[in-house]
Amino acid sequence: MSGDWNGGTERVGIDELLERVRAGIDRIGPHDAAAAAADGALLVDIRYAALRDRDGLIPGALVVERNELEWRLDPQGSHRAPEAVSHDLQVVVVCNEGYASSLAVASLQQLGLHRATDLIGGFQAWRTAGLPVDV
């Protein structure tokens, strides 16, 4: 998604903003996210520590707190993670239920990570689908 999330100076509520942001994202479900990871996509878990401690982790996912996400995934950034190798990297952002991840993806897309997407339903959908979780 490029440009302003809300198209300018117009004020919108969070529900409308989320709807607009999601219109520019090709979101994926749990099984598609697992398949993407198997094909080399980077799963990025942005949940806060208490949720990770309570519910576990997706094996192989990169844990990046939401407030560090852009710094860690910008391939041109001075604080990038070793995995942030290219703007062409497919990134699947995972939050707890699939809301914060959509907003995070919009921010990543503004940084040029055009293949960034998020997991519909977040970690909870992953777990409900019976996909692997390290506890």
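Tyr99 is found in the loop between E3 and H5, where helices (H or I, at least four residues) and strands (E, at least two) are DSSP runs numbered from the N terminus. The structure is a predicted model, in which local features need pLDDT of at least 70 and side-chain atom pairs count only at pLDDT 80 or more, while totals for chains, interfaces and linings use all residues. Residues are numbered from 1 along each chain as its sequence is written, and side-chain values use heavy atoms, with hydrogens and water left out. At 48% relative accessibility, Tyr99 counts as partly exposed; this class lies between buried (under 20% relative accessible area) and exposed (over 50%), computed with a 1.4 Å probe on protein chains only. With residues up to four places away in sequence not counted, Tyr99 touches Leu18 and Arg22, contact meaning heavy atoms within 4.5 Å. The C-alpha atoms of Tyr99 and Leu119 are separated by 9.3 Å, at a distance of 20 residues along the chain.

Glu97 lies in the loop between E3 and H5. A relative accessible area of 47% makes Glu97 partly exposed. Its contacts, residues up to four places away in sequence not being counted, are with Gly121, Gly122 and Gln124. Between the C-alpha atoms of Glu97 and Ile120, which are 23 residues apart along the chain, the separation is 7.5 Å.

Helix H5 (residues 100-110) and helix H1 (residues 14-23) have axes that come within 9 Å and cross at roughly 55 degrees. Axes are lines fitted to C-alpha atoms, for helices over the stretch in contact, and angles run from 0 to 180 degrees between N-to-C directions. H1 and H5 are therefore oblique to each other, given that angles under 35 degrees count as roughly parallel, over 145 as roughly antiparallel, 65 to 115 as roughly perpendicular and the rest as oblique. The crossing of the two helices, H1 and H5, is left-handed, a term that applies if the near helix is turned anticlockwise from the far one by less than a right angle. On the H1 side the contact is made by Ile14, Leu17, Leu18, Val21 and Arg22, and on the H5 side by Ser102, Leu103 and Ala106. By class, the contact of H1 with H5 comprises six nonpolar, one polar and one charged residues; here Ala, Val, Leu, Ile, Met, Phe, Trp, Tyr, Cys and Pro count as nonpolar, Asp, Glu, Lys and Arg as charged, and the others, Gly among them, as polar. Leu17, in helix H1, counts as buried at 15% relative accessibility. Although Leu17 and Leu103 are 86 residues apart along the chain, their C-alpha atoms are separated by 8.7 Å.

H5 is mostly covered, with eight of its eleven residues buried. These buried residues of H5 are Ser101, Ser102, Ala104, Val105, Ala106, Ser107, Leu108 and Gln109. Their cover includes H1, H4, E3 and strand E4 (116-118). H5 is followed by Gly112, with a positive phi near 100 degrees.

The largest nonpolar core has 22 residues, of which Val44, Ile46, Leu69, Leu73, Val91, Val93 and Leu108 touch the most other members. A nonpolar core is a set of buried Ala, Val, Leu, Ile, Met, Phe, Trp, Tyr and Cys residues joined through side-chain atoms within 4.5 Å. Two or more residues of this core come from each of H1, strand E1 (42-45), helix H4 (69-73), strand E3 (91-94) and H5. H5 gives the most to this core, with four residues. Apart from this core lies another, of 13 residues, among them Ile28, Ala36, Leu119 and Leu131. Ile46 touches Val64, Arg66, Leu69, Val93, Val94, Cys95, Ala100, Ser101 and Ala104, residues up to four places away in sequence not being counted.

Ala84 is found in the loop between H4 and E3 and is buried, with a relative accessible area of 2%. Leaving aside its neighbours within four places in sequence, Ala84 is in contact with Arg72, Leu73, Pro75 and Leu89. Ala84 and Leu73 are eleven residues apart in sequence and 5.1 Å apart, C-alpha to C-alpha.

Arg52, in helix H3 (residues 49-55), is buried at a relative accessible area of 16%. Its contacts, neighbours within four places in sequence left aside, are Asp45, Arg47, Leu57, Val63 and Glu65.
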